[in-house]
Amino acid sequence: MATFLFDQMVFGPVKSRRFGKSLGINLLPDNKKICSFNCLYCECGWTGKSESVFPSAGNVKEALKDRLETMALHNDLPDTITFAGNGEPTLHPDFLDIMKFTIALRDQHAPLSKVAVLSNSTTLDRSDVKEALILADYNVLKLDAGTDKTFNLINNPSRPLLLKDIVNNLKAFQRNVIIQTLFFRGMFAGEFIDNSLAVDLYPWLDYLCEIAPREVMIYSLERGTPALDLKKLSQEELQAISMMVEARGIKTQVY
Ligand code: SF4
């Protein structure tokens with residue numbers, strides 16, 4: 001399966017495993033990915049090195065307003081309005097303003113819809129990003145590993161980052177956070193990677209206990225990946241991980 005990019009600012013609605021009928025907002029360009037990670041499994045392909053050009057907040061607002069008005073007219077409103085798309089949404093310099101007008105438009109046109117953000121947790125040291133994420137109904141933040149070695153292999157951050165610093169930032173949400181973790185195994189650049197092995201799994205569980213999230217979303221590969229030799233975990237394996245999390249008093253969803 002090939003990787004792909006979203007070609008619109010407001011896209012879908014798509015049927016999402018996690019968010020039901022989900023209207024997507026892509027705050028990144030429509031022809032390339034911009035991200036502070038370069039995950040081996042990213043469905044948008046590898047992260048490039050070109051200049052970052054974001055759509056204007058005004059254009060996003062207009063596109064979202066138009067789409068919600070049309071959906072309301074057809075009695076076809078989404079379950080969720082989801083910030084996702086071609087990379088990391090919180091890198092947009094006006095993310096806080098965009099979140100604020102998204103909430104206002106939701107309240108006006110689709111009061112029953114939830115607002116979700118899928119973020120990779122790399123911008124949590126910015127107060128404006130934190131303020132924006134707290135406004136979302138589903139603040140879904142990534143934690144894919146329990147050791148720095150596996151974190152660097154899987155997520156390939158664009159600047160040096162330590163898991164313990166990310167975890168400290170996640171802890172600051174005081175339960176207003178949902179952790180998302182994608183499990184897989186495979187080979188890349190001569191290295192075997194498996195974030196479900198005990199060496200990563202137990203420290204990941206310890207980190208979860210520190211963070212005390214509202215929920216953990218556990219899933220595996222679903223679409224094409226840029227690294228070709230990756231394998232998804234079975235539902236049984238994901239369920240076994242879920243049981244270990246739940247044994248620590250933390251709710252999970254397996255997808
Ligand atoms: S954080 Fe998300 S968008 Fe960025 S590289 Fe990883 S999977 Fe892709």
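The shell around the ligand divides into five nonpolar, four polar and one charged residue, where Ala, Val, Leu, Ile, Met, Phe, Trp, Tyr, Cys and Pro count as nonpolar, Asp, Glu, Lys and Arg as charged, and the others, Gly among them, as polar. This is a predicted model, in which local features need pLDDT of at least 70 and side-chain atom pairs count only at pLDDT 80 or more, while totals for chains, interfaces and linings use all residues. Residues are numbered from 1 along each chain as its sequence is written.

The shell itself consists of Cys35, Phe37, Asn38, Cys39, Cys42, Cys44, Thr47, Gly87, Glu88 and Asn120, each taken as near the ligand if its C-beta atom, placed from the backbone, lies within 6 Å of it.

Let me turn to helix H5, residues 163–171, helices being DSSP runs of H or I with at least four residues, and strands runs of E with at least two, numbered from the N terminus. Leu163, Ile166 and Leu170 of H5 are buried, meaning that 20 or more other C-beta atoms lie within 10 Å of their own, whereas exposed means 12 or fewer, and partly exposed in between, with C-beta atoms placed from the backbone. These three cover an arc of only 65° around the axis, so they sit on the same side of H5, the arc being that of the directions from the helix axis to the C-beta atoms. On the other side of H5, Lys164 and Asp165 are exposed.

What do the buried residues of H5 pack against? They pack against strand E5 (138–142), helix H4 (148–155) and helix H6 (198–211), contact requiring C-beta atoms, placed from the backbone, within 7 Å.

Note on methods. Contact = placed C-beta atoms within 7 Å.
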